[in-house]
Amino acid sequence: QYTTAVEKSRAAEAITLMGTLRYAAERTRLQTGDWPTDFTVLDIEMPQATGSTSETKNFTITGEKADDGTYVITADRGLESNNYKLLTTVDTDGTAVRTCTGDVTLCKAITSGNSYDGCTGCTGF
């Protein structure tokens, strides 16, 4: 239970950073007509950013334009144990869907048990 509580706290930090990135990316898209391909063009500073990747103590965060025109922000925990990814997919109309994939127990804890039907094995919140 301790590990779950700690991971839930770490995920909350990642979710906050992902939200900040989402709105900065949307502002860039509104100003330029396209999603950013590099974090240096954003009006925010991402921690230890290189291109469209940012490294925090607990996550690798990326932001990329998908083939379908959406912008996908991923926070990858990437450990051998407690491995999970948080994703925010932003549509061009500003609609966003967050999902958690990976360790089912942790995803259920992070999302308070809410499920998302659009993704096999995912939990949305």
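I began with strand β2 (residues 53-55), which pairs with β3 in the antiparallel sense over 3 bridges. Two strands count as paired if DSSP finds at least two bridges between them. Helices (H or I, at least four residues) and strands (E, at least two) are DSSP runs, numbered from the N terminus.

**Ground rules.** I am looking at a predicted model, in which local features need pLDDT of at least 70 and side-chain atom pairs count only at pLDDT 80 or more, while totals for chains, interfaces and linings use all residues. Residues are numbered from 1 along each chain as its sequence is written, and side-chain values use heavy atoms, with hydrogens and water left out.

**Overview.** I found 2 helices and 7 strands in the protein. From the N terminus on, I read the order as α-β-β-β-β-β-β-α-β. Of the 125 residues, 38% count as buried. Buried means under 20% relative accessible area, exposed over 50%, and partly exposed in between (1.4 Å probe, protein chains only).

**Along the strands.** I returned to β2 and β3 and saw a hairpin joining them through 4 residues. Here E55 stands opposite T60 in β3. Moving on, I noted that β3 and β4 pair in the antiparallel sense over 6 bridges. T60 has D76 as its bridge partner in β4, and I61 has A75. The hairpin of β3 and β4 has 5 residues between the strands, and G69 in its turn has a positive phi of about 90°.

How much of β4 is covered? I found 5 of its 6 residues buried. β4 also pairs with strand β5 (residues 84-90), again in the antiparallel sense, over 6 bridges. In that pairing V72 stands opposite T89 in β5.

**Salt bridges.** I searched the whole structure and got 5 salt bridges. Each is a side-chain nitrogen of Lys or Arg within 4 Å of a carboxyl oxygen of Asp or Glu. One of them joins the side chains of E7 and R77 (2.9 Å, N to O). E7 lies in helix α1 and R77 in the loop between β4 and β5, so the pair ties together parts that are 70 residues apart in sequence.

Next I looked at E26 and R22, whose closest N and O atoms are 3.1 Å apart in a salt bridge. They sit 4 residues apart in helix α1, separated by about one helical turn. E26 is buried, with a relative accessible area of 12%, and R22 is buried at 17%.

K65 and D34 also meet in a salt bridge (3.1 Å, N to O). This pair links distant parts of the chain, with K65 in strand β3 and D34 in the loop between α1 and β1, 31 residues apart. K65 is partly exposed at 46%, and D34 is partly exposed at 35%.

**A loop residue.** I placed Q48 in the loop between α1 (2-32) and β1 (49-50). Q48 is exposed, with a relative accessible area of 63%.
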